[in-house]
Structures are given as structure tokens and as C-alpha cells.
Amino acid sequence: RYYVDILKGLGIFSKADMKISGKTTPSYLRTKALIDLHFNSPDEAIKTLEYLQSEYKLEDKYTMYLMVAALLEAGRYNDASIQISLIKAILNDQDADFLIAIQLIEELKISSAKQFLIQPYLDSLIDFKIVGFEEYLESL
């Protein structure tokens, strides 16, 4: 979602015509799902991604992370957790631990989250640094 906000801030969506009709290629479907997420239609994005996965048997990292984003936007947190577990199991992606930790932090289960933050998150999909987080927790 943050990358979509950056693209929106740059005015990409207002300058480009994102309407492509009659296409069923995997790249088109992923782009459509991304656009649906941008325009706050996570349920439509989920349908598109489910079709993409069933029709093309596409289980790549980008599509699966896009599904996690759509499920989170739709408020389907348990389904998102299951999808993250699939990412970890099918793709053997250790960076999925980071997403599990973030979900636990959101639920204020800090002690449980620590076990998933053993190694730094090095993937290019998310990039941020929390400044002053320890001091904030100590002030609570």
C-alpha cells in the first residue's frame, strides 16, 4: 500500500490510463489486483489473485505478498496469517517471519513477536526503521 501511495503522490495514476479491458495475462491480472488495492477494493483484488493462482498455478513471492496485502486491507487477518504461513512453507521465505512479528506487535503481543525478529528483514518490499521504539515502550 505504501508503494501505491508513493506512486499516487508522484501523480502516476492521474497521468496513466490504468483501464485495460479484455486481458487475462498473469501480468495484467497482478496489475489489476494492485490497482484494485489502490482504489480500496480489496475484495476485488482477492478475487483476481485467487483466479490468477487457480488458473495459472502462480505461487510466486510477489503474488503471494500481494494477496497478504489484500487480505489485510479486507480485514481478514486470520486468512492473512494463513497466507503468510504458506509463504514461509511453500517458498521457504524467512522474511515471512517479519510479517508475523508485525501482526503480533499490532496485537500488542510484544514478547511473542521477539522470537520472529531474530534476523533483520532484508527484502526489498518493505523498508523502514523504527526510531525511539525502545524508549517509547519503556515510557509505557
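Predicted model: local features only at pLDDT ≥ 70, side-chain atom pairs only at ≥ 80, totals over all residues.
Begin by selecting helix H3, residues 26-38, together with helix H5, residues 61-73, whose axes come within 11 Å of each other and cross at roughly 25 degrees. Because an angle under 35 degrees counts as roughly parallel, H3 is roughly parallel to H5, and the crossing of these two helices is left-handed. To see the contact itself, display Arg-30, Ala-33, Leu-34 and Leu-37 on the H3 side, and on the H5 side Tyr-62, Thr-63, Leu-66, Ala-69, Ala-70 and Glu-73. Coloured by residue class, the residues of this contact of H3 with H5 divide into 7 nonpolar, 1 polar and 2 charged.

Next, go to Asn-40, which lies in the loop between H3 and helix H4, the latter spanning residues 42-56. With a relative accessible area of 54%, Asn-40 is exposed.

From there, select helix H6, residues 77-91, and helix H7, residues 96-106, which pack at an angle of about 155 degrees with their axes 9 Å apart. Since angles over 145 degrees count as roughly antiparallel, that description applies to H6 and H7, and H6 passes H7 in a left-handed crossing. The H6 side of the contact consists of Tyr-77, Ala-80, Ser-81, Ile-84, Ile-87 and Lys-88, which meet Ala-96, Asp-97, Leu-99, Ile-100 and Gln-103 in H7. By class, the residues of the contact of H6 with H7 divide into 7 nonpolar, 2 polar and 2 charged.

Stay with this pair and centre the view on Asp-97, a residue of helix H7. Is Asp-97 buried or exposed? Its relative accessible area is 12%, and because buried means under 20%, Asp-97 counts as buried. Showing side chains brings out a polar contact of 2.5 Å that joins those of Asp-97 and Lys-88.

Finish in the loop between H6 and H7, where Asn-92 is found. Asn-92 has a positive phi of about 50 degrees, although it is not a glycine, and at 56% relative accessibility it counts as exposed.

Key
Residues numbered from 1 in each chain as written. Heavy atoms only, no water. Axes fitted to C-alpha atoms, helices over the stretch in contact; angles between N-to-C directions. Helix = DSSP H or I, 4+ residues; strand = E, 2+ residues; numbered from the N terminus. Parallel < 35°, antiparallel > 145°, perpendicular 65-115°, else oblique. Left-handed = near helix turned anticlockwise from the far one by under 90°. Contact = heavy atoms within 4.5 Å. Nonpolar A, V, L, I, M, F, W, Y, C, P; charged D, E, K, R; others polar. Buried < 20%, exposed > 50% of the residue type's maximum accessible area, 1.4 Å probe, protein only. Polar contact = N/O pair within 3.5 Å; in protein donor to acceptor, adjacent residues only side chain to side chain.
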